[in-house]
Each structure stands twice: as C-alpha cells, then as structure tokens.
Amino acid sequence: MAFQPLQHEYLVMPPVTRVYTSACVITTAAVQLEIITPFQLYYNPDLIFRHFQVWRLITNFLFFGPVGFNFLFNMVFLYRYCRMLEEGSFRGRTADFVFMFLFGGLLMSLCGLCVNLVFLGQAFTIMLVYVWSRRNPYVRMNFFGLLNFQAPFLPWVLMGFSLLLGNSVIVDLLGIAVGHVYYFLEDVFPTQPGGTRLLKTPHLLHLLFDPPEEEPDYTPLPEDAPGGYRWGGGGAAAQRPPPAGAPNGGGRPGDGEENGGA
C-alpha cells in the first residue's frame, strides 16, 4: 500500500523532528478546518503576561500560514534540516538538541518584542538551517538547479528567495542572528583562548531525554551475563579463566598451551 512507506518514514524519524513537524502539521490542519483560528495562536506579550495565555509562547512557532506554497516550502526545509541536525551533530544528544530549541525559542521571543513579529516559525526554521550550514561548511548545495554554492551561503540564498517572493526579510534576519548567537556560543567561543562553554544543558533535560549511561566498571551478575548462569558449573568461579601460566587440569589436550608465533 502507498501508505506504508509514508508510515515507515514517519516512524523512523528522530523523536524531536517527529514531534515538532507533527505539531506544525496538526496546528495548520486545525486552522484549515476552522477548529481554531490564527488569532488564538499568534505571539502577543500582552495576552501572555496579563491574561496568562502562555500557550502562545509555543503556538506561534507551529503555524506557517494556510496550506500553500509558503507552507510546503517551510515544511520541507524544517523537516530536512531539523532531521539532519538531529541525526548528525546531535546524534545521541537529544537533550542538547531540545536545549537548542529552548534557547532559540526564548531568544526569538525576546527579539519578537522589538521587531513586532506575531509568528516565529519561519525564523526558527532559518535558525536550524543556519546552524546546520555552519557545521557543514564544505557541503555543496544546489538551489532549484539554478545556483551552486557552499552550505554556509544557504541561509542568505533563502533570504534572497524570500525577498523575491515579496516577503519581509526581518524574519530571515532574525533566524540568522539567533542561529549565529547559538553557533558562536556553542562552537566558536569555547575553542578560543580563555573561552568556555556558556551554554550548558540542564541536568533535568539529560534525565528526561538521554538514556542512562552504563557504568564502565560494572560487571553483571553471573545470571545476567550472556548465556545465563552455568548451573552445576560452580557459578561465576567456573566461568573465570585460569591464571596465565597455571597448569591445565582436566581440560582437553592443548587447552593450557600458549599459542606461539610462527
């Protein structure tokens, strides 16, 4: 069935990418079906802090406008670069990836007070693109078969394309600025003389999103070891190899001999 490949592709998506893209699609579908309206989603500090409509801090990142070219364009780039980041430089570091989301969202929300933006999802997508492009500087890109360039130029190409479509470049500039702040604090400043890592993922996020690490010196009990407990074989003592050079008693001929080089 045609649905099965899509289902498989959805299930193999890394968790943060799957949750965020699903939330964006569901939010847009709810608006299209007139279950909710954009007026219930947009970023409004007055409604957030005076009327305690705190959900707007999240929902303004989930709506990319009605279904159309702009929505599909943003969804493709969001899915592609969010997934490549999570499977690339953030592989095995889900807590750090979530912390990047929180840091970027908080900084954009603060900047949104100054630039009077009501939906920040597109700027967030540009931030993801920027971070990926700076961490993959030697990747060659092709934009609609028209332009060939190195990956670090991709955010600027997208800004130029947005300008050609008649959109405001403030959104793209905000995403680039926030992405650069994160990239500088995370990748550049710690490597400078006297630099240190300022962005440290809270321990709570590690507990929530990262699997617990096994103790490097942990030795499993005999019954937990591969093959199970050797009943009648003396337990763990029976599985312990004889000391080097000790005589081999009762074994097969040659079991106690050393392998010589030839």
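**Pockets, cavity and helix packing**

Analyst: In this predicted model, the lining of the largest pocket draws at least two residues from each of α2 (15-32), α4 (56-59) and α6 (94-115).

User: Which element gives the largest share of the lining of the largest pocket?

Analyst: The largest pocket holds about 590 Å³ of space, and 21 residues line it, with L57, I58, F61, F101 and L102 the closest to its centre. Helices α2, α4 and α6 each supply at least two residues of that lining. The largest share, eight residues, comes from α6.

User: How many residues in the lining of the largest pocket are nonpolar, how many polar and how many charged?

Analyst: The residues closest to the centre of the largest pocket are L57, I58, F61, F101 and L102, and leucine, isoleucine and phenylalanine count as nonpolar. Over the whole lining of this pocket, the division is 19 nonpolar, two polar and no charged residues.

User: What is the division by class in the lining of the second largest pocket?

Analyst: The second largest pocket has about 240 Å³ of space, and of the 15 residues that line it, F63, F119, L120, Q122 and V171 are the closest to its centre. Helices α5 and α7 each supply at least two residues of this lining. By class, the lining has seven nonpolar, eight polar and no charged residues.

User: Which element gives the most to the lining of the largest cavity?

Analyst: A search of the whole structure finds one cavity of 30 Å³ or more, and the largest cavity has about 130 Å³ of space. Its lining has 14 residues, of which F73, N74, Q122, L158 and S162 are the closest to the centre, and the elements that give two or more residues are α5, α7 and α8. By class the lining is made up of seven nonpolar, six polar and one charged residues. The element that gives the most, with five residues, is α5.

User: Is α5 roughly parallel or roughly antiparallel to α8?

Analyst: Helix α5 (residues 69-87) packs with helix α8 (residues 154-164) at an angle of about 175 degrees, and their axes are 14 Å apart. Because angles over 145 degrees count as roughly antiparallel, α5 is described, relative to α8, as roughly antiparallel.

User: Which residues make the contact of α5 with α8, and how do they divide by class?

Analyst: From α5 the contact takes F69, F73, F77 and Y81, and from α8 it takes L154, L158 and F161. By class, these residues divide into seven nonpolar, no polar and no charged.

User: How do α7 and α8 pack, and what is the division by class of their contact?

Analyst: The angle between α7 and α8 is about 150 degrees and their axes are 8 Å apart, which means that α7 is roughly antiparallel to α8. Their contact is made by Q122, I126, V129, Y130 and S133 of α7 together with L154, P155, L158 and S162 of α8. By class, this contact has six nonpolar, three polar and no charged residues.

User: Which element of the chain has the lowest mean pLDDT?

Analyst: The mean pLDDT of the chain is 83, and 80% of its residues reach 70 or more. However, pLDDT stays under 50 over residues 233-240, a stretch with eight contacts beyond four places in sequence, and it is below 50 over residues 249-262, where the model has two contacts beyond near neighbours in sequence. Where pLDDT is low, the predicted coordinates should not be read in detail. Among the elements, helix α7 (residues 121-135) has the highest mean pLDDT, 95, and the lowest, 46, belongs to helix α11 (residues 236-239).

Methods. Residues are numbered from 1 along each chain as its sequence is written. This is a predicted model: local features need pLDDT of at least 70, side-chain atom pairs count only at pLDDT 80 or more; totals for chains, interfaces and linings use all residues. Side-chain values use heavy atoms; hydrogens and water are left out. Axes are lines fitted to C-alpha atoms, for helices over the stretch in contact, and angles run from 0 to 180 degrees between N-to-C directions. Helices (H or I, at least four residues) and strands (E, at least two) are DSSP runs, numbered from the N terminus. Angles under 35 degrees count as roughly parallel, over 145 as roughly antiparallel, 65 to 115 as roughly perpendicular and the rest as oblique. Contact means heavy atoms within 4.5 Å. pLDDT is the predictor's confidence in each residue, from 0 to 100. On a 1 Å grid over the protein atoms alone, a cavity is a set of points where a 1.4 Å probe fits but cannot get out, and a pocket is an open set with protein on both sides within 12 Å along at least five of seven lines; lining residues have an atom within 4 Å of a point. Grid points are joined across faces, edges and corners, and a volume is the space filled by probe spheres set on the points.
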